[in-house]
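Have the sequence and the structure open as you read.

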Amino acid sequence: MAESVSEMLRQEVDCDCLLECFHDLDGIDDDIFDLLTASEDPQTIDEIAATIERERSTAYRSVQRLCAADLLEKEQINYDHGGYYHVYQARDSSTIAQEMRAMLEEWYTEVGGLIDEFEETDDITPSNNR
C-alpha cells in the first residue's frame with residue numbers, strides 16, 4: 001500500500017484496492033467479499049472456507065473483519081429442534097459505494113481543516129496571482 005497521498009495518486013487503483021484502503025482489508029477478505037458478491041445465496045462459514053480452500057478459522061476471522069467493516073449481512077438460521085447457524089452475504093454494492101463516498105467526504109473535510117490550520121499556524125497566505 002502507498003505510504004503517502006502523493007504516492008496513492010500516482011498508483012493505479014482498482015476496486016479491491018478501494019476496499020483495502022477504506023476498510024483495512026487483506027487478500028483473503030477481498031476473495032471472500034468477491035465470492036459473496038458473486039453468490040446468489042448466502043453462504044455458511046464452512047461453505048466459504050471450502051470455496052477459498054482455507055481453514056474454517058481463517059475464513060471465520062476474515063468474515064468477522066468484513067462484518068465489522070459493515071460489508072456483509074449476517075443472518076441467523078434456526079433449526080426446528082433447537083440450535084442455529086449463520087449465513088453471510090455481501091451488502092448491496094450501491095449502498096457500500098454511498099458509504100465510501102460519505103467516508104471520503106468526511107476525510108476530505110478533516111484534511112481540509114488540517115490544511116487550513118497549517119496555513120494559519122505558519123502564516124502562509126494564499127497567492128493573489130490568479
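## Starting at Thr 44

Once neighbours within four places in sequence are set aside, Thr 44 is in contact with Tyr 85, His 86 and Val 87. Keep in mind that this is a predicted model. Thr 44 itself sits in the loop between α3 (27–38) and α4. Is Thr 44 buried or exposed? Its relative accessible area is 18%, and the cut-off for buried is under 20%, so Thr 44 counts as buried.

Tyr 85, His 86 and Val 87, the contacts of Thr 44, fall within the span of strand β2, which covers residues 84–90.

Strand β1 takes up residues 72–78, and it pairs with β2 (residues 84–90) in the antiparallel sense. How many bridges join β1 and β2? There are seven.

## α3 against α4

The axes of α3 and α4 come within 11 Å, crossing at roughly 110 degrees. That angle lies in the 65 to 115 range, so α3 is roughly perpendicular to α4. The crossing of this pair is right-handed.

Which residues do the touching here? From α3 come Ile 28, Ile 32, Leu 35 and Leu 36, and they meet Ile 48, Thr 51 and Ile 52 of α4. Sorted by class, the α3 and α4 contact has six nonpolar residues, one polar and no charged.

## α4 against α5

Helix α4 (residues 45–52) also packs against α5 (residues 56–68), and here the axes come within 8 Å and cross at roughly 110 degrees. α4 and α5 are therefore roughly perpendicular to each other, and their crossing is right-handed.

On the α4 side, the contact uses Ile 45, Asp 46, Ile 48, Ala 49 and Ile 52. They meet Arg 56, Ala 59, Tyr 60 and Val 63 in α5. The class count for α4 with α5 comes to seven nonpolar, no polar and two charged residues. Ile 48 and Ile 52 turn up in this contact and also in the one between α3 and α4.

## A closer look at Ala 49

Ala 49 is in helix α4. With a relative accessibility of 6%, Ala 49 counts as buried. Which residues does Ala 49 touch, not counting those up to four places away in sequence? They are Arg 54, Glu 55, Arg 56 and Ala 59.

## The whole chain

Stepping back, the chain has six helices and two strands.

Of the 130 residues in the chain, 23% are buried; Thr 44 and Ala 49 are among them. As for contacts with a separation of 6 or more, 44% are between residues 24 or more positions apart.

Definitions and conventions. Residues are numbered from 1 along each chain as its sequence is written. This is a predicted model: local features need pLDDT of at least 70, side-chain atom pairs count only at pLDDT 80 or more; totals for chains, interfaces and linings use all residues. Side-chain values use heavy atoms; hydrogens and water are left out. Axes are lines fitted to C-alpha atoms, for helices over the stretch in contact, and angles run from 0 to 180 degrees between N-to-C directions. Helices (H or I, at least four residues) and strands (E, at least two) are DSSP runs, numbered from the N terminus. Angles under 35 degrees count as roughly parallel, over 145 as roughly antiparallel, 65 to 115 as roughly perpendicular and the rest as oblique. A crossing is left-handed if the near helix is turned anticlockwise from the far one by less than a right angle, and right-handed if clockwise. Contact means heavy atoms within 4.5 Å. Ala, Val, Leu, Ile, Met, Phe, Trp, Tyr, Cys and Pro count as nonpolar, Asp, Glu, Lys and Arg as charged, and the others, Gly among them, as polar. Two strands pair if DSSP finds at least two bridges between them. Buried means under 20% relative accessible area, exposed over 50%, partly exposed in between (1.4 Å probe, protein chains only).
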